[in-house]
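Keep the structure open beside you as you read.

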Amino acid sequence: MNIIVVGQGAMGLLWYHHLAISTVATNLSLLASTQHNLADDNYHFIDSHGIPYQGKINYAYDEQIKNADVILLCVKSFQIGSTLKQIAQHSKANTSIILAHNGMGTLTELPKELINKYNIYALLTTHGCLRKSSLNITHTGIGITDIGLVSGCVELTEQQALTYQLNQALPSVNLHKNIIEKQWQKLAVNCVINPITALHDIDNGQVNNTIFTGQIEKVLTELVLVAKSEGIYLNIALLIKTVRQVAAATAKNCSSMRCDVLAHKQTEINYINGYIHKLGIKHKIATPENTQLWQTVLRQVSFDKLRTNGEYKGKRRV
Ligand code: PAF
């Protein structure tokens, strides 16, 4: 298999490293947005037992994209459209595209001809990984990965073969016929943990503080109603339990959204609470809690930017 990993963030390098040390890929390369500026092609990886490893990166160019069988997109939700358009110029039809981002709603924004060109999978993972600096990552917690086809027509045996290969590289990877329900469960986790940790500047574990109980229930009640209108039936009690478990299991982690806000970077809020808001409008369901979180995070990032530039002297507002 010719495999390309796209994205030089923590998840991209985690997969790149595990594919590189396995025998899964005949040709493996990394497409990094920064590859033209990077003088170095060495990456540093510390595995989950604290063992350091150094490897070489084989960067992807047009030739590799043309021959790719599998492209694993480890980029943010708001980068999916532009990344796929860039890849589409060179990649062949029926390439397996694997989307590994937080949030939902990216596919519906893409032109039909782009979607129809590929077989598209969604990949959800609970591995913990931290990028300390450029090309320098630590595998902070072993997790599991769920994968499932979201667009295209692929024989089950072919889906199983792809899952088997990924499982060889970074176990465990489980194939799901109905990945959409898993995507909604992950969305529920992100709708709660990400904005709360980002706005209060707290670690994931603190989300389980009782001061957030009412807010968590409201966020998830709205999400369950919206999901139902989309034909997805979720159990609110189970969702609350899952969110609490993830917060406890990743207690010391800095959520991706909190990291983005602290770094004054664009967040994935439009595809998380913003997605619930958007579907709420579509189905005429009020989603005040999700809407407020969506807008507050958007505002926060703008305030923080202004404050950094010295144009706003006010306090952080939640
Ligand atoms: O976005 C994140 O940070 C992660 O998806 C999660 C599960 C909230 C853990 O930090």
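## The second largest pocket

The second largest pocket has a volume of about 510 Å³. Grid points are joined across faces, edges and corners, and the volume is the space filled by probe spheres set on them.

Please note that this is a predicted model, in which local features need pLDDT of at least 70 and side-chain atom pairs count only at pLDDT 80 or more, while totals for chains, interfaces and linings use all residues. Residues are numbered from 1 along each chain as its sequence is written, and side-chain values use heavy atoms, with hydrogens and water left out.

In all, 26 residues line this pocket, and Met-104, Gly-105, Thr-106, Leu-107 and Tyr-275 lie nearest its centre. Two or more lining residues come from each of β7 (119-125), α6 and α10 (273-283), with α6 giving the most, six residues. Helices (H or I, at least four residues) and strands (E, at least two) are DSSP runs, numbered from the N terminus. At least three lining residues come from each of domain 1 (2-177) and domain 2 (181-308), with bounds from an automatic or database domain assignment.

## Around the ligand

Which residues surround the ligand? They are Asn-102, Lys-186, Asn-190, Ile-193, Asn-194, Asn-204, Val-246, Ser-255 and Ser-256, where near means a heavy atom within 4 Å. Helix α6 (residues 179-200) gives the most to this shell, with four residues.

| Residue | Distance to a ligand oxygen |
|---|---|
| Asn-194 | 3.1 Å |
| Asn-204 | 2.9 Å |
| Ser-256 | 2.5 Å |

Taken alone, the ligand exposes 280 Å², and the protein buries 83% of that; areas come from the Shrake-Rupley method with a 1.4 Å probe.

## Two backbone details

The peptide bond from Pro-171 to Ser-172 is cis, with omega near -10°. Ser-172 sits in the loop between α5 (156-169) and β11 (173-175). Asp-201, a residue other than glycine, has a positive phi near 55°, and Asp-201 belongs to the loop between α6 and α7 (213-229).

Methods. A polar contact is a pair of N or O atoms within 3.5 Å; within protein, one must be able to donate a hydrogen and the other to accept it, and residues adjacent in sequence count only if both atoms are side-chain atoms. On a 1 Å grid over the protein atoms alone, a cavity is a set of points where a 1.4 Å probe fits but cannot get out, and a pocket is an open set with protein on both sides within 12 Å along at least five of seven lines; lining residues have an atom within 4 Å of a point.
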